Amino acid sequence: MRSTEFILRGTTLGAFALLADTPLVAQRCREPHYRWTQKVDTSAVAVPSQPTSVASILATWAPPLLASRDDCAPRGDRELQTYSLVAWVRRVDKIKDDEDWHLELTDRADSPADSCIVAEIPHPRYSRRYALARSTLDSLIGGRRIGKGGILRRPVQARVTGLAFFDGQHRRGGRRSDRIDGGHGRCNSSVRALWEIHPIYRIGSP
């Protein structure tokens with residue numbers, strides 16, 4: 001009897017051991033684009049913004065543990081905070097597959113083009129404030145010539161306010177990697193350049 005009980009217990013423990021070594025099937029993410037719910041989030045509109053700069057973001061903001069497989073990751077830590085910065089708009093790409101307006105910002109008008117961060121304005125269907133932000137940006141640009149790929153021949157200075165967002169979709173090699181895939185516009189100077197202001201809540205004169 002004891003021998004049989006021992007065998008049954010051993011079999012049960014073995015089964016648990018096998019189950020423990022079996023990876024759980026990840027829940028399928030239903031977002032239409034990478035972390036889409038986070039990209040159009042208006043919940044922090046009333047949160048007071050903290051001052052920052054492009055240089056500070058690129059030099060001091062540590063990248064979170066997010067990568068290309070984190071399609072449904074919620075906001076956390078720095079991403080829960082709104083920031084305001086004065087920067088030069090160097091590029092405005094209005095034709096993206098997710099319908100966001102894609103801006104590239106640098107600290108100075110003559111900063112190297114790749115020393116930029118991205119800021120994005122979602123489609124107005126998600127909030128009227130995005131329609132206002134787009135309209136204000138167009139007013140700031142005025143009659144400036146926009147070249148191929150949305151490059152501004154004469155950059156325009158603006159104050160941009162919105163939520164911080166880490167675009168881990170362009171990180172290669174996993175959540176702790178310092179490599180990027182080169183697909184983040186011209187903003188590929190480091191993994192810290194995957195930090196964005198996204199969504200933009202307000203944009204205006206400096």
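Visitor: Which residues does serine 177 touch, not counting residues up to four places away in sequence?

Guide: The model is a predicted one. In it, serine 177 touches Arg171, Arg172 and Val191. Serine 177 itself lies in the loop between strand 6 (171-172) and strand 7.

Visitor: Is serine 177 buried or exposed?

Guide: Buried means under 20% relative accessible area. The relative accessibility of serine 177 is 10%, so this residue counts as buried.

Visitor: How many disulfides does the structure hold, and which cysteines form the pair?

Guide: The structure holds 1 disulfide. Its partners are cysteine 116 and cysteine 187, with sulfur atoms 2.0 Å apart. The pair links distant parts of the chain, 71 residues apart. Cysteine 116 sits in the loop between strand 3 (101-106) and strand 4 (117-121), while cysteine 187 sits in the loop between strand 7 (179-180) and strand 8 (195-204).

Visitor: Why is the disulfide of cysteine 116 and cysteine 187 left-handed?

Guide: The disulfide is left-handed because the torsion about its S-S bond is about -120°.

Visitor: Are cysteine 116 and cysteine 187 buried or exposed?

Guide: Cysteine 116 is buried, at a relative accessible area of 1%. Cysteine 187 also counts as buried, at 0% relative accessibility.

Definitions and conventions:
Residues are numbered from 1 along each chain as its sequence is written. This is a predicted model: local features need pLDDT of at least 70, side-chain atom pairs count only at pLDDT 80 or more; totals for chains, interfaces and linings use all residues. Side-chain values use heavy atoms; hydrogens and water are left out. A disulfide is a pair of cysteine sulfur atoms within 2.5 Å. Helices (H or I, at least four residues) and strands (E, at least two) are DSSP runs, numbered from the N terminus. Buried means under 20% relative accessible area, exposed over 50%, partly exposed in between (1.4 Å probe, protein chains only). Contact means heavy atoms within 4.5 Å.
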